Structure formats: C-alpha cells, structure tokens
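Please read it alongside the coordinates.

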Amino acid sequence: MKVQIYESIQETSIDERCSIEYLCQLAGISRTSYYKWIHRKSSRVDIEDAEILPRIQAIADENNSLFGYQNMTYALNNNSDTKYNRWQSMA
C-alpha cells in the first residue's frame, strides 16, 4: 500500500505541481521515507518478478484467468528452461 502512496505523491507532484513536503504531510509519511523510496535500487527478486510478470499475464489471458498458483507454476515450468517455484508464479 505504501508503494501506491509513494507513486501517487510522485504523480501528483508532477501533474499538479504540489510540493513533496505538502503531499507527504497529507499522506502521513515522512519526506525521508519518500526520498528513500525514490532512490532505491531494485533487488534481484524485483528484477526477476518484472521479467516473469508478462509471461504470467499472457498465460492468464489464454486461460481466462482461471489458473491457480499450481497450474500457473506448471504452465510456466512447462514452457521454459528456467524452473520457477510457487512464490514466483504468484508475482
């Protein structure tokens, strides 16, 4: 949920030209935490999740989003050289 708040602050500050300080105060978060979020580096897991997400979405679209994590994991592993676990299939 905090990510949504940070993204909203970022968009609003650009679109409405509001100060970051004011928007953080409205959201009840510190400017320090906002700027820490802005300058964060993506972890290995975040990068892997971003790479696998389009494949998960494509499989879900092909199957009318009816797959649970077990079927999704099977479908990912069946069509890939990489073997994914259930946590990755829920990205």
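What percentage of the 91 residues of the protein count as buried?

1. Burial and surface. The model is a predicted one. Of its 91 residues, 24% count as buried. The protein exposes about 7,200 Å², and carbon and sulfur atoms supply 49% of that area.

2. Secondary structure. The protein has six helices and zero strands. Read from the N terminus, the order of elements is α-α-α-α-α-α. As for contacts between residues at least 6 apart in sequence, 39% of them join residues at least 24 apart.

3. Helices H1 and H2. Two packed helices are described by the angle between their axes and the distance between the axes. For helix H1 (residues 2-15) and helix H2 (residues 20-27), the axes come within 10 Å and the crossing angle is roughly 145°. The crossing of H1 and H2 is right-handed. On the H1 side, the contact is made by Ile5, Ile9, Thr12 and Ser13; H2 contributes Ile20, Leu23, Cys24 and Ala27. By class, the residues of this contact comprise six nonpolar, two polar and no charged.

4. The loop between H1 and H2. Arg17 is found in this loop. Its phi is positive, about 55°, although Arg17 is not a glycine. Is Arg17 buried or exposed? Arg17 has a relative accessible area of 76%, so it counts as exposed.

5. Ile20. This residue belongs to helix H2 and is one of the residues in the contact with H1. Ile20 is classed as buried because its relative accessible area is 15%, where the cut-off is under 20%. Leaving aside residues up to four places away in sequence, Ile20 touches Ile9, Ser13, Tyr34 and Tyr35. Ile9 and Ser13 are also H1 residues of the H1 and H2 contact. From Ile20 to Ser30 the separation is ten residues in sequence and 9.9 Å in space, C-alpha to C-alpha.

6. Aromatic rings. How many aromatic pairs does the structure hold? There are four aromatic pairs. One of them is formed by Tyr34 and Trp37: the ring centres are 6.2 Å apart, and the planes make an angle of 35°, a tilted arrangement. Tyr34 and Trp37 are separated by about one helical turn, because they are three residues apart in helix H3 (residues 31-38).

7. Burial of that pair, and the ring cluster. Tyr34 has a relative accessibility of 3% and therefore counts as buried. Trp37, with a relative accessible area of 10%, is buried as well. Ring pairs link Tyr6, Tyr34, Tyr35 and Trp37 into a cluster. Of these residues, Tyr34 and Tyr35 are among those touched by Ile20.

How values were computed: Residues are numbered from 1 along each chain as its sequence is written. This is a predicted model: local features need pLDDT of at least 70, side-chain atom pairs count only at pLDDT 80 or more; totals for chains, interfaces and linings use all residues. Side-chain values use heavy atoms; hydrogens and water are left out. Helices (H or I, at least four residues) and strands (E, at least two) are DSSP runs, numbered from the N terminus. Buried means under 20% relative accessible area, exposed over 50%, partly exposed in between (1.4 Å probe, protein chains only). Contact means heavy atoms within 4.5 Å. Accessible areas come from the Shrake-Rupley method with a 1.4 Å probe; for residues, only the protein chains shown count as cover. Axes are lines fitted to C-alpha atoms, for helices over the stretch in contact, and angles run from 0 to 180 degrees between N-to-C directions. A crossing is left-handed if the near helix is turned anticlockwise from the far one by less than a right angle, and right-handed if clockwise. Ala, Val, Leu, Ile, Met, Phe, Trp, Tyr, Cys and Pro count as nonpolar, Asp, Glu, Lys and Arg as charged, and the others, Gly among them, as polar. Rings of Phe, Tyr and Trp (its six-membered ring) pair if their centres lie within 6.5 Å; planes under 30 degrees apart count as stacked, over 60 as edge-to-face and the rest as tilted.
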